[in-house]
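The report below takes them in turn.

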Amino acid sequence: MSVEHFDVVIVGAGISGIGAAYHLKTRCPGKRTVILEARGDVGGTWDLFRYPGIRSDSDMFTLGYSFRPWKEAKAIADGPSIREYVRDTAREHGIDRQIRFHQRVRSASWSSEDARWTLEVDAGERGERARYTCSFLYVCSGYYRYESGHTPIFPGREDFQGRLVHPQLWPQDLDYRGKRVVVIGSGATAVTLVPAMAAEAAHVTMLQRSPTYIASLPAEDPIANRIRELLPERIAHQVARWKNVAIATFMFQLCRRAPGLAKRLLRSGIERELPPEFDIDTHFTPRYEPWDQRLCLVPDADLFRAMKAGRASVVTDRIRTFTKGGILLESGKELPADIIVTATGLTLQVCGGVQITVDGDVVDLGRTFLYKGLMLSDVPNLALCIGYTNASWTLRAELSSTYVCRLLNYMDRRGYRQCLAHPDASALDPRPLLGLTSGYVQRSAGDLPKQGSKLPWLVPQNYVVDLLAMKLGPVDDAAMRFSTGARSLRREVVKAERHGQADEPVANAPPPAMDQPG
């Protein structure tokens, strides 16, 4: 088997992977880079999901790239528009020529002796075995499983005689015109599907076990559009981007620091959209605090408009069993349905399911800590791209790529072949990586890396804090270890700790000077 070597392998050609390739191309132009994409096209999430109404719940001034202004009128964009934006970005910067499609990475094995990763890959549509090696591995595959979403085992499911579908695997031949549809769920997917399907279905019911906080915003950002009329394109994009960063940060901090006030503001927004007699307490008043789970966005109040028009409704109840013609609820009410959509969440999966080994030892991701939100503790020359849960994914993804480029350039300048982030475990208080109470997060919490109680092992979910750390903070802080030689950094760290030298730098060269921002 022939083996091809690259300086950097990027896993995933979605919005993160294309952005990562751009930053590597511009900041590390000497690096030979390839993108391995398991599917057959660019776009990641925005190519996978094809359900009706698929859209972003983040504005495109922050979900879009900092280096490529969003030009459309709508700030809350639909899925096909986002997919084309990512594809056009790849073509415009020649990144499409770096992508190899139908390359599913199955395992990644690090050899300290060789200072490189070996990737075992299922290549082509027939899944033939291929192998790559690289000096640095950058995983930009998101944090959920692409093959299937989460669907609970519903009693009587086999009795239902209609069509049962999950949004992640939406059948393109599904005809819901004039049909009765029940969408199970209350998250971002459900509140997107309901108004989109209500336009053609006989009626759409959103069946939720418990309510979610929902806010309505205009699909077009009038302030941003006015800014674009007055300023040059790139400057306008940056001004609009920072405006929306500031608003999102303020709203999140308000929810966390003054939840009572945030609840009243969110409720007043819903009251403006629904009739006075509507039971908001039952259907739109969650039991948790704002931002304990993600806040759902509905552009131009489309969900509420569909409800006021009688095309959609919300039912808050529990499922007793599926029946031949629908769903029987715990209250005794039966919801008739020709189609049931299980918008019941994602299955989280870090590293795209790739098995990672370091010098023959399998890495248990659930026992690792995440350094600066992107590097697994004691795993050399590897970074993950994980975005925000409380703001646009791309904001953090671009900071991660900026840091990776700084790290690689730093290593090149000093002749280092290996880098490794090692925590002082005695000073860390393990915390879940994603600080949300959502079911899809809680189901997978044990399989995800942990965060600590303080920087750089704490993931602050704050763009400004991360910006300072990723762009201006030192690369050679106390947690980072470097080596020029062919030896196991991890074993050297453990050995140093046993001899009471845990705070000494592990390197074959003199301790490096403080890195300059870059």
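Strand β14 is joined to strand β15 (residues 334-336) by 3 bridges, and the two run antiparallel. Two strands count as paired if DSSP finds at least two bridges between them. Helices (H or I, at least four residues) and strands (E, at least two) are DSSP runs, numbered from the N terminus. β14 and β15 form a hairpin with 4 residues between them. In that turn, G332 has a positive phi of about 100°.

This is a predicted model: local features need pLDDT of at least 70, side-chain atom pairs count only at pLDDT 80 or more, and totals for chains, interfaces and linings use all residues. Residues are numbered from 1 along each chain as its sequence is written, and side-chain values use heavy atoms, with hydrogens and water left out.

β14 (residues 326-329) also runs antiparallel to β13 (residues 319-323), with 4 bridges. A hairpin of 2 residues links β13 to β14. G326 pairs on both sides: it stands opposite T323, and its bridge partner in β15 is P336.

| Strand pair | Bridges | Direction |
|---|---|---|
| β13 and β14 | 4 bridges | antiparallel |
| β14 and β15 | 3 bridges | antiparallel |
| β9 and β12 | 5 bridges | parallel |

Next comes the open sheet. Its 5 strands follow the order β7-β16-β8-β9-β12, with parallel pairing. Which strands stand at the edges? They are β7 (163-165) and β12 (312-316); each has a single partner strand, so one side of each lacks a neighbour in the sheet. Neighbouring strands are turned by 20° against each other on average, direction ignored. Helix α5 (residues 188-198) packs on this sheet and touches β8, β9, β12 and β16. The direction of α5 makes about 165° with that of β9.

Now the helix pair. α1 (residues 15-27) and α11 (residues 393-414) pack at about 35°, their axes 9 Å apart. Axes are lines fitted to C-alpha atoms, for helices over the stretch in contact, and angles run from 0 to 180 degrees between N-to-C directions. Contact means heavy atoms within 4.5 Å. Residues in this contact include A20 and L24 of α1 and A397 and L408 of α11.

Finally, Q103. This residue lies in strand β4 (residues 103-111). Is Q103 buried or exposed? Q103 counts as buried, because its relative accessibility is 10% (buried is under 20%, exposed over 50%, partly exposed in between; 1.4 Å probe, protein chains only). Beyond its neighbours within four places in sequence, Q103 is in contact with residues including L36, V121 and Y132.
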